[in-house]
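Please keep the coordinates open while reading.

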Amino acid sequence: MARTSNVFARVEPEIKEQAEQVLDRLGIPMSNAVSMFLRQVVLQRGIPFEVKLPQEAPLIYGSLTREQFDAEIEKGMADIREGRVYSADSVEAEMRRGYGV
């Protein structure tokens, strides 16, 4: 058997639980998933997925001027008038599909 080393990492409990649920469904122990990630780091000589900041920062209500706030509300109203809307049920169903739930 190959020698092993311990890796200790602090993660948010909710993220750990969600990851464990996915990995359990895949039949992959957490330690194997971490090992797979580290092997990919070595093979690709970097993080094995794209890591970047979002192109557009999320809007923060408190940081908007009255004019900016009004403009954002108008964008939303234009979407409604043009039929660019989604029901909460359809968004939730799409999220479930994306997470394989």
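Predicted model: local features only at pLDDT ≥ 70, side-chain atom pairs only at ≥ 80, totals over all residues.

Phe 69 is partly exposed, since its relative accessible area is 27%, a value that lies between the 20% under which a residue is buried and the 50% over which a residue is exposed.

**Aromatic pairs**

- Phe 37 and Phe 49 make up a tilted pair, with 6.2 Å from centre to centre and 35° between the planes.
- This pair links distant parts of the chain, given that Phe 37 belongs to helix H2 while Phe 49 sits in the loop between H2 and H3, 12 residues apart.
- Phe 37 is itself partly exposed, with a relative accessible area of 33%.
- Tyr 61 and Phe 69 form an edge-to-face pair, in which the centres are 5.4 Å apart and the planes make an angle of 85°; this angle counts as edge-to-face because it is over 60 degrees.
- Tyr 61 is exposed, because its relative accessible area of 63% is over the 50% cut-off, whereas Phe 69, at 27%, is partly exposed.

**Helices H2 and H3**

- Helix H2 covers residues 30–44, and its 15 residues should span 21 Å at 1.5 Å a residue, which agrees with the 21 Å that separates its end C-alpha atoms.
- Helix H3 covers residues 66–81, and with 16 residues it reaches 22 Å from its first C-alpha to its last, close to the expected 22 Å.
- H3 is followed by Gly 83, which has a positive phi near 80°.

- Most residues other than glycine have a negative phi.
- Arg 45, which follows H2, has a positive phi near 55°, and Arg 45 is a residue other than glycine.
- Arg 45 is placed in the loop between H2 and helix H3, and it counts as exposed because its relative accessibility is 79%.
- Gln 55 is found in the loop between H2 and H3, and at 81% relative accessibility Gln 55 counts as exposed.
- The C-alpha atoms of Gln 55 and Arg 81 are separated by 27 Å, although the two residues are 26 residues apart along the chain.

**The largest pocket**

- The largest pocket has a volume of about 600 Å³, and among the 17 residues that line it, those closest to its centre are Val 7, Met 30, Ser 31, Val 34 and Ser 35.
- Helix H1 (13–26) and helix H2 (30–44) are the elements that give two or more residues to the lining of the largest pocket, and H2 gives the most, with 6 residues.
- By residue type, the lining of the largest pocket divides into 9 nonpolar, 5 polar and 3 charged residues.
- Ser 31 has its place in helix H2, and at 52% relative accessibility Ser 31 counts as exposed, because the cut-off for exposure is over 50%.
- The C-alpha atoms of Ser 31 and Val 11, 20 residues apart along the chain, are separated by 14 Å.

**The chain as a whole**

- The secondary structure of the protein chain comes to 4 helices and 0 strands, and from the N terminus on the elements run α-α-α-α.
- The radius of gyration of the protein chain is 21 Å, well over the 13 Å that the globule rule gives for 101 residues, so the chain is more spread out than a compact globule.
- Along its principal axes, the C-alpha trace of the protein chain spans about 65 × 30 × 25 Å.
- Of the 101 residues of the protein chain, 2% count as buried.

Technical notes. Residues numbered from 1 in each chain as written. Heavy atoms only, no water. 1 Å grid on protein atoms, 1.4 Å probe; cavity = no way out; pocket = protein on both sides within 12 Å on 5 of 7 lines; lining within 4 Å. Points joined across faces, edges and corners; volume = space filled by probe spheres on them. Nonpolar A, V, L, I, M, F, W, Y, C, P; charged D, E, K, R; others polar. Buried < 20%, exposed > 50% of the residue type's maximum accessible area, 1.4 Å probe, protein only. Phe/Tyr/Trp six-rings, centres within 6.5 Å; stacked < 30°, edge-to-face > 60°. Expected span 1.5 Å × (residues − 1). Rg over C-alpha atoms; globule rule 2.2 N^0.38 Å.
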